[in-house]
Amino acid sequence: MMKNKLNNQKGETLIMVIIVAVILLIIGGAVLVFTSGNLAATHKQGQERQIYFIAKSTTQTITDSLEKGELGDYLKGMIIADLKAKNTAELVESSWDISPVTIALEGEQLSGYTITDVSIKLDSSAQVDKGGAIGAELAKAFVSIKSLDVTFTVGDSVGNVYSLTVNYRFSGWYERTAGKEIWSNCTWKVVDSKN
């Protein structure tokens, strides 16, 4: 009788072990499916975060180029050239659109990313200092950019994109003295940034 009882317990134990193994197998499979789904979502989120950081870095580069670089000098020079060309004391409203361009990013960390649909829209005004010369003899003028919209899209090779529009304002004085062009009291301000 004792021997039968031991044999029955061994059979029950084997069945319990099989049931527990099946339950663990089902739970393990569910965890594996859940984890692989989370891993894919995490990878996509990482790619989107990379695109976001590239867009923010591009914005900072544009801001630096406006404040201390070629882009700001080019836009201010464009407004002064327009004021001189129109041979007037006041440029009430001037608007320019710079056509969309595409920039391929280079470098080990940036390969596969592009900046597309880069466009610049600018609304400005300028006024010659009271009593100052106009046209080619322009010596001093106040320049204001009421709205400068820089729009671009960052994309990767997988199809993730992040679009951003940054709005700037500018004010400053242009002066030409002894053949040198000098800008003073210049202020660039980021007004808005939206994606």
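Residues 24 or more positions apart account for 59% of the contacts in the chain with a separation of 6 or more.

The model is predicted, so local features need pLDDT of at least 70 and side-chain atom pairs count only at pLDDT 80 or more, whereas totals for chains, interfaces and linings use all residues. Residues are numbered from 1 along each chain as its sequence is written, and side-chain values use heavy atoms, with hydrogens and water left out.

**Overall view**

Helices (H or I, at least four residues) and strands (E, at least two) are DSSP runs, numbered from the N terminus. Of the 195 residues, 29% count as buried; buried means under 20% relative accessible area, exposed over 50%, and partly exposed in between, with a 1.4 Å probe and protein chains only.

**The nonpolar core**

Select Leu148, Phe152 and Tyr168. These residues have the most contacts inside the largest nonpolar core, which has 33 residues. Helix 1 (2–68), helix 2, strand 2, strand 3 (140–156) and strand 4 each supply at least two residues of this core. A nonpolar core is a set of buried Ala, Val, Leu, Ile, Met, Phe, Trp, Tyr and Cys residues joined through side-chain atoms within 4.5 Å. In soluble globular proteins, nonpolar side chains tend to be buried together.

Keep tyrosine 168 selected and display its surroundings. Leaving out residues up to four places away in sequence, tyrosine 168 touches, among others, Thr59, Ile62, Leu66, Leu148, Val150, Trp188 and Val190.

Next, select residues 161–177 (strand 4) and 180–194 (strand 5). The two strands run antiparallel and are joined by 12 bridges; strands pair if DSSP finds at least two bridges between them.

**Aromatic pairs**

Now display the aromatic side chains. A search of the whole structure finds six aromatic pairs. Rings of Phe, Tyr and Trp (its six-membered ring) pair if their centres lie within 6.5 Å; planes under 30 degrees apart count as stacked, over 60 as edge-to-face and the rest as tilted.

Go to tyrosine 52 and phenylalanine 53. Their ring centres are 5.5 Å apart and their planes stand at 65 degrees, so this pair is edge-to-face. Tyrosine 52 is partly exposed at 32% relative accessibility, and phenylalanine 53 is partly exposed at 48%.

Move to phenylalanine 170 and tryptophan 188. Here the centres are 4.6 Å apart and the planes are at 40 degrees, so the pair is tilted. It links distant parts of the chain, with phenylalanine 170 in strand 4 and tryptophan 188 in strand 5, 18 residues apart. Both phenylalanine 170 and tryptophan 188 are buried.

Then centre on tryptophan 173. The charged end of lysine 140 sits over its ring, 5.2 Å from the centre. The criterion is NZ of Lys or CZ of Arg within 6 Å of the ring centre and within 35 degrees of the ring normal.

**Salt bridges**

Three salt bridges are found in a search of the whole structure. Each is a side-chain nitrogen of Lys or Arg within 4 Å of a carboxyl oxygen of Asp or Glu.

Select lysine 76 and aspartate 73, which meet in a salt bridge at 3.8 Å, N to O. They are three residues apart in helix 2 (residues 70–85), and therefore separated by about one helical turn. Lysine 76 is buried at 6% relative accessibility, while aspartate 73 is partly exposed at 48%.

Continue to lysine 86 and aspartate 82, whose closest N and O atoms are 3.5 Å apart. Lysine 86 is partly exposed at 48%; aspartate 82 is buried at 15%.

Finish this group with lysine 84 and glutamate 181, at 3.6 Å, N to O. This pair links distant parts of the chain, from helix 2 to strand 5, 97 residues apart.

**Serine 124**

The last stop is serine 124 in strand 2 (residues 113–128). Serine 124 is buried, with a relative accessible area of 0%. Beyond its neighbours within four places in sequence, serine 124 is in contact with residues including Ile79, Val92, Trp96, Ser144 and Lys146.

Key:
Contact = heavy atoms within 4.5 Å.
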